[in-house]
Amino acid sequence: MSVNIGKILGIPIRIHWTLWFVFLLIAWSLAVGYLPYTYPSLSATTDWIVGVASAFLLFVSVLVHELSHSYIAKKNGLPIARITLFFFGGVSEMTQEPQDASLEVRMAAAGPLTSFAIAAVLGTLWYVGGLVGFPLAVLAVLGYNALINAALGAFNLIPAFPLDGGRVLRGSLWRSSKNLLSATRNATRVSEVLSLLMIAAGLLLVVVSPDNFIDGIWIIFLGWFIWSGAETSLQQTQMTEALHGISVGDIMTRNLLTVGPDISVQQLVNDYFLVHPHGGYPVVQNDKLQGVVTMSSVRAIPREKREYETVGQAMVPYQRLLTIGPGASAAEALQKLAQYNVGRLIVTDGDRIAGIITRGDLMKAIRTRQDLGVQNSPYR
Ligand SMILES: [Zn+2]
């Protein structure tokens with residue numbers, strides 16, 4: 001769904017497929033709608049060149065906006081897994097939520113401020129360019145992007161999750177209440193009210209004024225986007241809260257069924273996969289973890305070779321495993337699973353295997369705490 005285009009500030013930048021579509025849509029709507037109307041003296045070819053150049057500059061502006069969030073995050077030691085640019089703009093995927101309220105406020109505010117700064121620079125260039133006689137086509141690109149960046153900054157200031165304004169709101173509530181969960185709940189409530197108002201306004205527009213049908217649909221869609229983003233943020237915060245104070249060692253599965261590296265793959269299939277319900281086994285020799293052998297490691301070996309290849313040859317070696325220590329927090333394990341999009345982590349204590357922790361173990365711990373209504377100490 002997304003393509004990698006490289007790294008900036010050490011962060012992988014990805015483009016979601018919807019962006020290509022929107023790129024063409026923006027270039028097209030500028031070339032046939034906005035430009036012929038605003039600058040009637042430009043030729044149709046020039047309109048298209050200006051349209052494509054403007055769409056490209058908008059794409060760069062969105063990237064700079066996202067990088068401003070990432071820059072503040074990285075400067076404060078918060079890792080950013082990747083930036084994905086998609087049709088509404090971008091998303092910086094954090095593997096960890098900010099640990100303090102003022103960092104969240106600064107990080108969120110950086111984006112809209114950057115968009116306003118870009119708008120100011122382009123607007124100044126547009127103004128000065130008009131005085132000194134820049135070509136009309138260049139002025140058109142500058143003028144459009146000055147406006148659209150100002151609009152982008154303003155849109156992102158709407159105090160609703162997952163927009164920047166929503167995070168500024170939550171950070172401010174968090175700073176005054178010192179309680180992340182209640183701040184998230186209140187900020188989510190504001191987002192829900194705003195998104196319902198947007199959906200209602202969109203429906204009203206569609207019904208009352210069929211000429212603005214497309215605008216109405218867009219407003220409904222944005223309302224829905226804000227609603228679902230707010231729900232996701234609330235769930236994530238509740239999960240992290242529920243895991244507060246629990247370590248990996250507290251909930252991991254111990255006493256694993258392990259396998260030696262010297263038996264054949266065929267023997268592994270017969271004695272393990274066909275007998276026990278597990279999807280993978282740690283490979284252990286002399287108490288030391290060598291690797292992990294899974295169903296897909298077996299599938300990678302052709303049937304006729306399974307008699308001769310050993311588990312040691314087929315396994316994913318220790319160096320390539322995702323591991324975590326038993327003393328790490330359960331919330332950290334949850335973040336790691338999400339970051340690498342895997343279902344389980346091997347828990348290691350030095351070069352020995354201590355256990356395994358799965359998404360299921362974490363979900364069970366979260367459900368138990370939520371069912372029992374266990375109160376956690378307010379987390380700052
Ligand atoms: Zn932003």
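Author: With burial. A residue is buried if 20 or more other C-beta atoms lie within 10 Å of its own, exposed if 12 or fewer, and partly exposed in between, with C-beta atoms placed from the backbone. By this count, 34% of the 380 residues of the chain are buried. This is a predicted model, in which local features need pLDDT of at least 70 and side-chain atom pairs count only at pLDDT 80 or more, while totals for chains, interfaces and linings use all residues. Residues are numbered from 1 along each chain as its sequence is written.

Reader: What radius of gyration does the chain have?

Author: The radius of gyration is taken over C-alpha atoms, and the globule rule is 2.2 Å times the number of residues to the power 0.38. The chain has 26 Å, whereas a compact globule of 380 residues would have a value near 21 Å. Along the principal axes, the C-alpha atoms fill a box of roughly 80 × 55 × 45 Å.

Reader: Which residues of the largest nonpolar core touch the most other members?

Author: A nonpolar core is a set of buried Ala, Val, Leu, Ile, Met, Phe, Trp, Tyr and Cys residues joined through C-beta atoms within 7 Å. Here the largest core has 49 residues, and Leu30, Leu122, Ala160, Phe161 and Ile226 touch the most other members. Helix H3 (residues 101–132) supplies the largest share of this core, nine residues. Another core, of 29 residues, lies apart from it and includes Val265, Val292, Ile353 and Ile357.

Reader: How many helices and strands does the chain have?

Author: Helices (H or I, at least four residues) and strands (E, at least two) are DSSP runs, numbered from the N terminus. The chain has 13 helices and ten strands. Take helix H6 (residues 180–208), with 29 residues. The expected span of a helix is 1.5 Å times one less than its number of residues. H6 reaches 41 Å from its first C-alpha to its last, close to the 42 Å expected. Among the buried residues of H6 are Leu180, Ala187, Leu194 and Leu205.

Reader: Where is Lys178, and is its phi positive or negative?

Author: Most residues other than glycine have a negative phi. Lys178 has a positive phi, near 60 degrees, and is found in the loop between H5 and H6. Lys178 counts as exposed because it has 12 C-beta neighbours inside 10 Å.

Reader: How do E5 and E6 pair? What lies between them?

Author: Strands of a sheet pair through backbone hydrogen bonds, either parallel or antiparallel. Two strands count as paired if DSSP finds at least two bridges between them. E5 and E6 run antiparallel and are joined by six bridges; Val283 has Gly291 in E6 as its bridge partner. The two strands form a hairpin with two residues between them, and Asn286 in the turn has a positive phi of about 50 degrees. Asp287 also sits in the loop between strand E5 (280–285) and strand E6 (288–294), with a positive phi of about 70 degrees. Asp287 is exposed, with 9 other C-beta atoms within 10 Å. By contrast, five of the seven residues of E6 are buried, so this strand is largely enclosed by the rest of the structure.
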